[in-house]
Amino acid sequence: SRSVPTAPSILRRSRARRGGKRVRFAQVTVYYFARRQGFTCVPSAGGSSLGMAPRHHRARRYSLSQFAHLRQVSHRQHLRQHLRREKLRARRRELTQNGTVPSAEAAGLTLADVSDDDLDVGQVEVGDYFYLQPLPTKRRRALLRASGVRRIDAEERQELRALRLSREQCGCLCRLTCEPRTCACSQAGIQCQ
């Protein structure tokens with residue numbers, strides 16, 4: 001019997017090539033955009049969605065270590081603000097539930113009334129905790145105004161409400177077989193869901 005010569009494996013060649021070449025990143029470029037009313041996202045409640053200007057107004061380059069430090073500082077600030085708001089809510093709730101202070105006075109408390117000493121920032125691991133928090137409509141509107149947005153489109157609220165309702169009603173009512181005469185999907189020209 002003769003031995004049949006075998007061709008070298010393609011897989012082995014690709015693995016060998018991979019070992020020598022690697023992608024290494026040296027820096028991060030961060031682009032900064034002005035805040036605008038969104039019209040492109042759908043918040044879970046209310047109106048005044050947040051968006052950004054079509055073009056950036058500034059760009060900065062950071063080394064990887066600088067960027068990691070910048071992110072950590074930013075996340076810690078966000079965490080501190082979140083904990084401050086939570087502490088303020090708890091104080092207001094405590095004052096109104098105990099009946100020691102009328103609710104109007106409790107509502108008069110502000111974030112300035114919560115000191116840094118009241119926060120347990122050191123107890124929370126920032127990397128494990130940080131994620132985007134949904135913002136209430138009032139905060140979104142305040143952010144837009146602080147960013148220089150003069151007129152907030154009030155009609156967006158109704159449009160967003162209609163979008164949220166339409167997303168709840170997905171697909172059709174067909175069971176087992178499609179009835180094209182009554183199938184909403186078929187009438188819309190898409191495959192029956």
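These are my notes on what I looked up in a predicted model.

**Ground rules.** I number residues from 1 along each chain as its sequence is written. Because the model is predicted, I require pLDDT of at least 70 for local features and pLDDT 80 or more for side-chain atom pairs, while totals for chains, interfaces and linings use all residues, and side-chain values use heavy atoms, with hydrogens and water left out.

**Fold.** I listed seven helices and two strands in the protein. Helices (H or I, at least four residues) and strands (E, at least two) are DSSP runs, numbered from the N terminus. Starting at the N terminus, I read the order of elements as α-β-β-α-α-α-α-α-α.

**Totals.** I looked up the burial of the 193 residues, and 19% count as buried. Here buried means under 20% relative accessible area, exposed over 50%, and partly exposed in between (1.4 Å probe, protein chains only). The accessible surface is about 16000 Å², with 51% of that belonging to carbon and sulfur atoms. Accessible areas come from the Shrake-Rupley method with a 1.4 Å probe, and for residues only the protein chains shown count as cover. Of the contacts (heavy atoms within 4.5 Å) with a separation of 6 or more, 62% are between residues 24 or more positions apart.

**Positive phi.** Most residues other than glycine have a negative phi. I noted Ser48, with phi near 60 degrees, in the loop between β1 (27-37) and β2 (50-63). Ser48 counts as buried because its relative accessible area is 3%. Setting aside neighbours within four places in sequence, I found Ser48 in contact with Gln37, Arg140, Arg141, Leu144, Ile152, Glu156 and Leu160. I also noted Leu176, with phi near 65 degrees, in the loop between α6 (155-168) and α7 (184-187). Leu176 has a relative accessible area of 95%, so I filed Leu176 as exposed.

**Gln66.** I placed Gln66 in helix α2 (residues 64-98). Its relative accessible area is 44%, so Gln66 is partly exposed. From Gln66 to Val28 I noted 38 residues in sequence and 9.1 Å in space, C-alpha to C-alpha.

**Aromatic rings.** I searched the whole structure and got one aromatic pair. The pair is Tyr62 and Phe67, which is tilted, at 6.4 Å centre to centre and 40 degrees between the planes. Rings of Phe, Tyr and Trp (its six-membered ring) pair if their centres lie within 6.5 Å; planes under 30 degrees apart count as stacked, over 60 as edge-to-face and the rest as tilted. Tyr62 is buried at 8% relative accessibility, whereas Phe67 is partly exposed at 22%.

**Second largest pocket.** I recorded a space of about 160 Å³ for the second largest pocket. On a 1 Å grid over the protein atoms alone, a pocket is an open set of points where a 1.4 Å probe fits, with protein on both sides within 12 Å along at least five of seven lines; lining residues have an atom within 4 Å of a point. Grid points are joined across faces, edges and corners, and a volume is the space filled by probe spheres set on the points. The lining is His82, Arg85, Glu86, Arg89, Gln133, Pro134, Leu135, Pro136 and Arg139. I noted that α2 gives the most to this lining, with four residues.
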